[in-house]
Amino acid sequence: MKTALTRRGLAMIEVRAKPGHKTRGLLVAGHLVLPCALGKGGISAFKREGDGATPLAAMRLLYGYRRGDRGRLPHSPLPLRPIRRLDGWCDAPHDANYNCPVSLPFSASHEKMWREDNLYDVCIVMDWNIATRKRGCGSAIFFHLARPGYMPTEGCIALKRADMLRLLPHINERTIIRVRR
């Protein structure tokens, strides 16, 4: 397992389901082992839109979003864009904008990026079904903040805020999150 912290940041972050808990995981980043939330469908090698599963895959971190009105964040080498109230993410498999950012209002099914529940105060886009998009293979797979008690996500990986803030200075566009069983 290559999770070493180098001068260039974390090369690899490993995520596995916590034994006996399909929706809770352990995230290994360098010497840190952190609890995380996984999708309500557990981990799946056959990710499909709406199944609530976290993909069994290696996903590069592409860029992120942040809520500027919810406190300061440490510097991160990963580009973090401010979230605007008009930001959305299309999750409609038959729309041309499937698994892409969109501006609201948007007529097809979508996720709102500006949320009141704090989950997307820090939200990092992972390369799941983005570089090569296939309709129906899952959308909006993010690395974001967890609900209290690490309640399951819709397929994303989620950390408590303090743990995400610890990782931000060490992640960049070369960092890969590898989800394993």
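**Exercise 1. Work out which backbone atom the side chain of Asp95 reaches, and at what distance.**

Start with the side chain: in this predicted model, Asp95 gets to the backbone nitrogen of Asn97, 2.8 Å away. Now place the residue: Asp95 sits in the loop that links β10 (87–90) to β11 (101–103). Next, look for a charged partner. A salt bridge would need a side-chain nitrogen of Lys or Arg within 4 Å of the carboxyl oxygen. The nearest oppositely charged side chain belongs to Arg135, and that one is 6.6 Å off. Asp95 therefore ends up buried with no salt bridge. Last, check the surroundings: setting aside residues up to four places away in sequence, Asp95 touches Cys90, Phe106, Ala108 and Arg135.

**Exercise 2. Decide whether Tyr63 is buried or exposed, then find its neighbours.**

First, locate it: Tyr63 belongs to strand β8 (residues 58–66). Its relative accessibility is 14%, so Tyr63 counts as buried. Then list contacts beyond four places in sequence: among them are Leu78, Trp89, Pro101 and Cys123.

**Exercise 3. Find the residues with the most contacts inside the largest nonpolar core.**

Zoom in on Leu27: leaving out residues up to four places away in sequence, it touches partners including Val15, Phe143, Ile157 and Leu167. Then look elsewhere: a second, separate core of 14 residues includes Tyr65, Met113, Tyr120 and Cys123.

How values were computed: Residues are numbered from 1 along each chain as its sequence is written. This is a predicted model: local features need pLDDT of at least 70, side-chain atom pairs count only at pLDDT 80 or more; totals for chains, interfaces and linings use all residues. Side-chain values use heavy atoms; hydrogens and water are left out. A nonpolar core is a set of buried Ala, Val, Leu, Ile, Met, Phe, Trp, Tyr and Cys residues joined through side-chain atoms within 4.5 Å. Buried means under 20% relative accessible area, exposed over 50%, partly exposed in between (1.4 Å probe, protein chains only). Contact means heavy atoms within 4.5 Å. Helices (H or I, at least four residues) and strands (E, at least two) are DSSP runs, numbered from the N terminus. Lys and Arg count as positive and Asp and Glu as negative; His and the chain ends are not counted. A polar contact is a pair of N or O atoms within 3.5 Å; within protein, one must be able to donate a hydrogen and the other to accept it, and residues adjacent in sequence count only if both atoms are side-chain atoms.
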